[in-house]
Structure formats: structure tokens, C-alpha cells
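Hi there,

Here is the structure I promised to pass on to you. Have a look at it first, and then read my notes below with the picture open beside you.

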Amino acid sequence: IPQPIACLPQHINRKGSLKTHPQAFQAAFKHRKGSLKPPTPYFQAASPRSPTMQTRSGDLIALALAGEFDVIIHGCNCQHTMGAGIAKQIKTHFPAAYAADCATPKGASKLGHISSATVDCNGRELIIVNAYTQDNWCGSGVLADYAAIRAAMRQVKAQFAGKRIGYPKIGAGLARGDWATIAPIIDEELAGEQHTLVIYEP
């Protein structure tokens, strides 16, 4: 993976233009708590719209640094921990994304929400989205929350429509979720967008 020397933090945001001064974020999040409509159950009937997910092999971060995507998404826990998997790589390559995570309240109340950081890569903006798709990073069984994945993808579409979006198998790695369940959720919520699953290949 190339070193992100050319990428410098530009700003960190959540829900559009909100700057992530910790106090401001806490106040805004407290004000919005409970304002999300209940996420659509992940077991709903499939949408009649054609699936739009594209698939390619490669390194998501390297592709993003090369200008292949405008937005990349990865699944996060709600405990300010990016210690393994692609989250650890995101933290290493894009410290601003981890700062955006740490500016949010800690705990399961943010399941289904997102935070984001925008970095400048050789004059081009790249947005890294932290999608809160699981409460904790440890525990037995499936850690991925399918309803949270749906709600987070809905927010991605609302905020970043029209952009080129890339992501790994969110929720299906260390979170042990079922990709056969998750893939249709992402397809439904990002329908009409240019979005691509990147299957890791060094």
C-alpha cells in the first residue's frame, strides 16, 4: 500500500458542513439523537430496481489514492477502536478519519450513523466515511448490525450522491456478517449511484 504522503487533512465533517470541534459534535449529536427514522428492516422484499454494485479486485486504499474513487466507506465499531482489518489501515493512512471517529460520542447510540473526513490528495478531494455498523469489536457470534448497515448506507447516499464510491465487504470480515445478506442492502440503499465493491488483492 503506498504511503499517503500527499494526503493532508483538510476538514472533518458529519452531516454536511458541521465541523468536528468535539463540543460542537457532542451538542449536535445530542440534539439529533433519536431523530433518525427507524431503519428499514434488512429482511424487506428486494427492490425492483436493478442491482448497481460493481466488483473489482485490488487494494481499496491504493485505488482511492490513485483517484479511482471520490468516497470510500469502511465499517466501524462504536468504541473509538480502529485496531484491526481495513479500519487499522484507514487509521494509519488517513489520521483525519480516526479523528472524526473520536469526535463522535462513544457507544451504541450512533449505530447506523456516519462520520467523515475529507483529505486533499494532490489537489483532489477524497472523502473517507466511517460507517457505524457494529457496536463493539469483540464478542462471539455476528457483530455486524444489518439494520445499522442499511441506515448508514442511506446516509451515504443522502450526503454523497453522484460521487464514485468504493468499499470493502463491510460487515462481512471481522464482524462475521453474512455478505449474501449485506450485499443486497448496499445495492438497495445505493441504487442509482456509481458504487464498487473492492475485493482485496495485494
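Predicted model: local features only at pLDDT ≥ 70, side-chain atom pairs only at ≥ 80, totals over all residues.

Let's start with the charged pairs. A search through the whole structure turns up seven salt bridges. I'll take you through some of them.

One links glutamate 68 and arginine 56, whose closest N and O atoms are 3.5 Å apart. Glutamate 68 sits in the loop between helix 2 (60-65) and strand 4 (71-76), while arginine 56 belongs to strand 3 (residues 54-58), so this pair ties together parts that are 12 residues apart in sequence.

Now please find arginine 150. Glutamate 188 forms a salt bridge with arginine 150, and their closest N and O atoms are 3.0 Å apart. Glutamate 188 is part of helix 6 (residues 179-189) and arginine 150 is part of helix 5 (residues 146-160), so the pair ties together parts that are 38 residues apart in sequence. Glutamate 189 forms a salt bridge with arginine 150 too, with the closest N and O atoms 2.6 Å apart. Glutamate 189 also lies in helix 6, so its pairing with arginine 150 in helix 5 ties together parts that are 39 residues apart in sequence.

How accessible are these residues? Arginine 150 has 0% relative accessibility and counts as buried. Glutamate 188, at 11%, counts as buried, and glutamate 189 is buried as well. Salt bridges link Arg150, Glu188 and Glu189, together with Arg154, in a network.

Next, turn to helix 3 (residues 85-93). Which residues are buried there? Among them are Ala87, Ile90 and His93. These three cover an arc of only 135° around the axis, which puts them on the same side of helix 3. The general rule behind such a pattern is that an α-helix has 3.6 residues a turn, so residues three or four places apart point the same way. What do the buried residues of helix 3 pack against? Their partners are helix 2, strand 4, helix 4 (95-102) and strand 6 (124-132).

Best wishes

Technical notes. Residues numbered from 1 in each chain as written. Heavy atoms only, no water. Salt bridge = Lys/Arg side-chain N within 4 Å of Asp/Glu carboxyl O. Helix = DSSP H or I, 4+ residues; strand = E, 2+ residues; numbered from the N terminus. Buried < 20%, exposed > 50% of the residue type's maximum accessible area, 1.4 Å probe, protein only. Arc of directions from axis to C-beta. Contact = heavy atoms within 4.5 Å.
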